[in-house]
Amino acid sequence: MIRVLRIELRRSNVPVVALSVFLVSALVLGLTFREWLRDWSQLAEMTEQAVGLTAALAAAGGAVLGRREKRSRADELFAGTGRPAWQKVAPTAGALSIGLVAVQGLILAAALVLVRVNASYQSYSAVWQLGPDLAVLAGAGLLGLAAGRAWSSAFVAPGLAAGLVLVQVVFSASGVPHPLSFFNSGASTWTRLADEVVLGRAALGAGLLVAGILLAASRNWAVRGLGAGALVAGVAAALVITPVQRFEVDPAARRLVCSEGAPQVCVTAVHAYALADTTRQAREALGHLSQLPDAPQRAIELNYDPVAAGLTDTSTSTLPWDTTPDVAPGTMQFELVLKDGAATDPDLMRSMVSGAGASLNGCRLDDPRPLAVAGAWLTDAPTFEPISPYLRDMPFPIPTPPEEMQAIGAAVAKLRALPHQQQVQRVSEFREALRACRTKGLMDILIAPGPA
Amino acid sequence: MRAIRADELQPTTNPWAIESQDLKVRAGKYLAVRGLSLNLGSGVHGLLGPNGAGKTTLMRTLATVIKPHQGQLRLLGTAADDRRGLRPLRRRLGYLPQNFGYYPKFTVRDYVEYLAWLREMPAAAVPGAAQRVIERVGLADRADAKLKSLSGGMLRRAGVAQAIVNDPDLLLLDEPTVGLDPEQRVQFRELLREIGQDSCVLVSTHLVEDVVAACSDVLVMDQGLLVFQGRPADLVDRGRHPDGVGDSPAERGYSALLRQHRSAS
């Protein structure tokens with residue numbers, strides 16, 4: 001058996017299928033490398049999407065392998081040999097499974113090691129996910145093998161691949177995650193893949209594996225019926241077990257990691273790798289804010305999470321409107337935006353002073369210009385690029401028009417034209433209005449004529 | 001030299017490797033073999049017949065690839081419809097189909113070893129047996145060449161190698177000499193005679209000269225029936241009949257047989 005297995009591994013299409021799986025996985029994970037390098041939940045999502053594609057490839061490769069016997073007319077010769085049907089299929093199925101699992105396992109294990117080394121905290125749901133993902137991949141390959149043996153048409157392989165991708169695209173098109181699609185989104189910074197999702201994947205993988213083995217290896221209708229039953233059971237179990245809310249809050253990711261010394265600056269464990277630069281900028285911002293009475297003495301990273309807030313469709317409801325931040329007096333929150341896994345947020349200090357340190361209060365602030373005026377006043381800058389709270393990680397930020405920058409500059413000059421005591425008083429009153437969610441007339445508080 | 005298995009030393013009650021009585025076999029809806037009664041023992045038996053005579057259907061039936069429609073068939077003492085006996089029986093069969101399939105990327109050695117495994121040879125014996133038969137068919141220098149790189153004649157020889165790798169007691173060869181050059185055909189005949197010393201070899205072919213040169217027994221089929229069974233010399237004798245056409249006495253005897261059978265029916 002080992003000898004024949006080796007022959008199949010070398011001479012069948014398994015090396016080509018395995019190479020294709022490797023390239024597609026490497027492409028998906030390579031293109032999103034910066035997103036998941038320090039983030040377990042992003043890794044879980046990306047590996048899932050890679051498996052969604054490679055499973056379709058595996059099914060197609062299995063179908064090509066399955067039709068080999070009939071296409072080459074070797075079935076006539078094999079039919080006169082003594083081994084039972086299941087033994088005749090075993091080396092082919094074994095080689096396909098080994099090839100797929102080895103290649104995908106290798107690349108996923110490499111990704112896991114990279115995150116293990118680079119992430120600031122450890123979360124192992126992405127590791128548990130590895131087993132079910134590999135079972136799904138091998139199961140898809142074996143089902144393709146069974147399909148290729150049953151129907152030797154050249155259209156089976158591309159049909160299977162296209163069908164599997166299409167089904168997943170259709171299932172995930174609504175935006176609400178579907179248990180039978182691997183193209184779901186929903187991972188966010190402080191989450192991990194829910195255990196039930198991993199369990200649902202395991203059920204699906206087991207169903208595919210058992211069905212693939214039974215359908216490929218047997219010509220007995222009763223056994224084939226069992227195979228079809230295993231497939232249905234696996235799919236049904238996945239549908240029942242997998243929750244709609246695929247990611248859950250990861251307490252390990254949200255745990256605060258704080259700097260030594262004062263004033264204290266804390267980031268969540270996910271971002272601990274950026275603590276040094278964050279501390280430098282946050283202390284600079286706290287220094288500017290200390291011009292105001294009752295200034296914050298401590299800064300912590302905002303860790304509002306839509307998943308934690310119970311929002312199912314996180315793709316459209318990621319903003320914490322109408323929520324009250326849970327912070328102790330004297331502590332301010334800041335939003336840390338670390339693009340592409342960078343260890344620094346270049347706009348952190350500016351975002352902290354924008355709105356006098358009170359902009360992340362959960363209220364909808366449609367006009368960021370008064371926030372910019374307060375920021376410019378605090379940093380002694382002539383003007384200030386407006387920063388919309390919670391929207392700093394927009395992929396394509398819209399540049400502020402020059403006339404708006406001029407208007408902000410004019411407002412800043414107007415504020416500075418007031419006696420210093422009044423300037424401080426107005427900015428303080430502006431900050432209290434923000435804290436109380438009074439979002440109308442903010443610019444008037446800063447620069448309108450008359451007593452503040 | 002080959003090892004003697006325990007079952008070969010057991011007393012046997014069947015002197016015939018192939019025993020059929022009123023055998024009928026369908027090829028699709030068409031009755032391709034129509035009541036064939038036959039007893040064949042050790043030796044090399046040549047099976048001749050025109051296209052559509054039922055030779056390939058008969059060979060497939062004897063190789064247990066298709067089941068008889070009616071009649072009795074025993075192979076190496078086992079009834080062909082005995083499901084329990086089929087697996088041990090197949091271990092003792094060697095078969096080269098007319099259009100034998102192969103995987104082009106396999107090497108000659110891979111192919112022979114793969115078929116040896118399918119015929120349930122002991123794992124330890126496979127590499128040695130494969131090397132031996134590859135040498136016997138004259139492909140030792142191409143043992144590690146991929147099948148897709150071989151000529152037609154070489155492919156046939158690789159096919160013969162897989163058929164004899166398990167030292168079969170019943171060897172079925174359908175058109176084994178297609179593509180072989182004259183020198184290779186002569187060598188192949190020697191190989192057949194050697195195997196036929198202690199096994200039953202049935203060779204289906206259109207080449208009358210091969211049968212006369214290599215076989216101890218000749219069978220002629222036409223329209224699904226056995227129309228002649230005898231020695232090659234008997235076929236040559238029939239070549240003196242005025243009905244016969246062909247370049248050699250054996251060919252004339254063969255064609256005369258067919259004409260007589262068709263005129264009688």
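Trainee: Is strand 9 of chain B buried or exposed?
Mentor: This is a predicted model, and in it 6 of the 6 residues of strand 9 (residues 217–222) of chain B are buried, so the strand is largely enclosed by the rest of the structure.

Trainee: Which residues sit on which side of strand 9 of chain B?
Mentor: Asp217(B), Leu219(B) and Met221(B) are on one side, and Val218(B), Val220(B) and Asp222(B) are on the other. Both faces are covered. In a regular strand the side chains alternate between the two faces of the sheet.

Trainee: And what does strand 9 of chain B pair with?
Mentor: Strand 3 (residues 43–48) of chain B runs parallel to strand 9 of chain B, joined by 4 bridges. Leu47(B) has Leu219(B) as its bridge partner there. Strand 10 (residues 225–230) of chain B runs antiparallel to strand 9 of chain B, with 5 bridges.

Trainee: How many residues are between the strands in the hairpin of strand 9 and strand 10 of chain B?
Mentor: The hairpin has 2 residues between the strands, and Gln223(B) takes a positive phi near 50°.

Trainee: Other sheet now. What order do the strands of the open sheet in chain B come in?
Mentor: The order is 2-1-4-5, with 4 strands and antiparallel pairing. Strand 2 (30–40) and strand 5 (78–79) of chain B are at the edges with a single partner strand each, so one side of each has no neighbour in the sheet.

Trainee: How many bridges hold strand 1 to strand 2 of chain B?
Mentor: There are 8 bridges between strand 1 (residues 18–27) of chain B and strand 2 of chain B, and the two run antiparallel. Leu23(B) stands opposite Leu36(B) of strand 2. Their hairpin has 2 residues between the strands, and Gly28(B) there takes a positive phi near 70°.

Trainee: And the other edge?
Mentor: Strand 5 of chain B pairs with strand 4 (residues 70–75) of chain B over 2 bridges, in the antiparallel sense. Arg74(B) has Ala79(B) of strand 5 as its bridge partner.

Trainee: Zooming out. What domains is chain B divided into?
Mentor: Domain 1 of chain B covers 16–92 + 172–231, and domain 2 of chain B covers 99–167. Their centres, taken over C-alpha atoms, are separated by 22 Å. Each gives 11 residues to the contact between them. On the domain 1 side, helix 7 (residues 182–195) of chain B has the largest share, with 4 residues. That side has 6 nonpolar, 3 polar and 2 charged residues.

Trainee: What about the domains of chain A?
Mentor: Chain A has domain 1 (2–251) and domain 2 (255–447), and 46 Å separate their centres over C-alpha atoms.

Trainee: How many residues of each chain are in contact across A and B?
Mentor: The contact involves 18 residues of chain A and 25 residues of chain B. On the chain A side, helix 1 (2–11) and helix 6 (75–79) of chain A are the elements that give two or more residues. Helix 6 of chain A gives the most, with 5 residues. The chain A side divides into 6 nonpolar, 4 polar and 8 charged residues.

Trainee: Which residues have the most contacts inside the largest nonpolar core?
Mentor: Val112(B) and Ala161(B) do, in a core of 86 residues. Helix 4 (residues 108–118) of chain B gives the most to this core, with 8 residues. Apart from that core lies another of 78 residues, including Ala55(A) and Leu143(A).

Trainee: I also clicked on Met121(B). Where is that?
Mentor: Met121(B) lies in the loop between helix 4 and helix 5 (126–136) of chain B. Met121(B) has 19 C-beta neighbours inside 10 Å, so it counts as partly exposed. Beyond its neighbours within four places in sequence, its contacts are listed as Ala116(B), Val126(B), Ala129(B) and Asn166(B).

Trainee: Last one. Where in chain B is confidence lowest, and where is it highest?
Mentor: Helix 1 (residues 6–9) of chain B is lowest, at a mean pLDDT of 61, and helix 4 of chain B is highest, at 95. Chain B averages a pLDDT of 87, and 93% of the residues score at least 70. The model scores ipTM 0.82 and pTM 0.82.

Key
Residues are numbered from 1 along each chain as its sequence is written. Chains are lettered from A and ligands numbered from 1 in the order in which they are written. This is a predicted model: local features need pLDDT of at least 70, side-chain atom pairs count only at pLDDT 80 or more; totals for chains, interfaces and linings use all residues. Two residues are in contact if their C-beta atoms, placed from the backbone, lie within 7 Å. Ala, Val, Leu, Ile, Met, Phe, Trp, Tyr, Cys and Pro count as nonpolar, Asp, Glu, Lys and Arg as charged, and the others, Gly among them, as polar. Domain bounds come from an automatic or database domain assignment. A nonpolar core is a set of buried Ala, Val, Leu, Ile, Met, Phe, Trp, Tyr and Cys residues joined through C-beta atoms within 7 Å. A residue is buried if 20 or more other C-beta atoms lie within 10 Å of its own, exposed if 12 or fewer, and partly exposed in between; C-beta atoms are placed from the backbone. Two strands pair if DSSP finds at least two bridges between them. pLDDT is the predictor's confidence in each residue, from 0 to 100.
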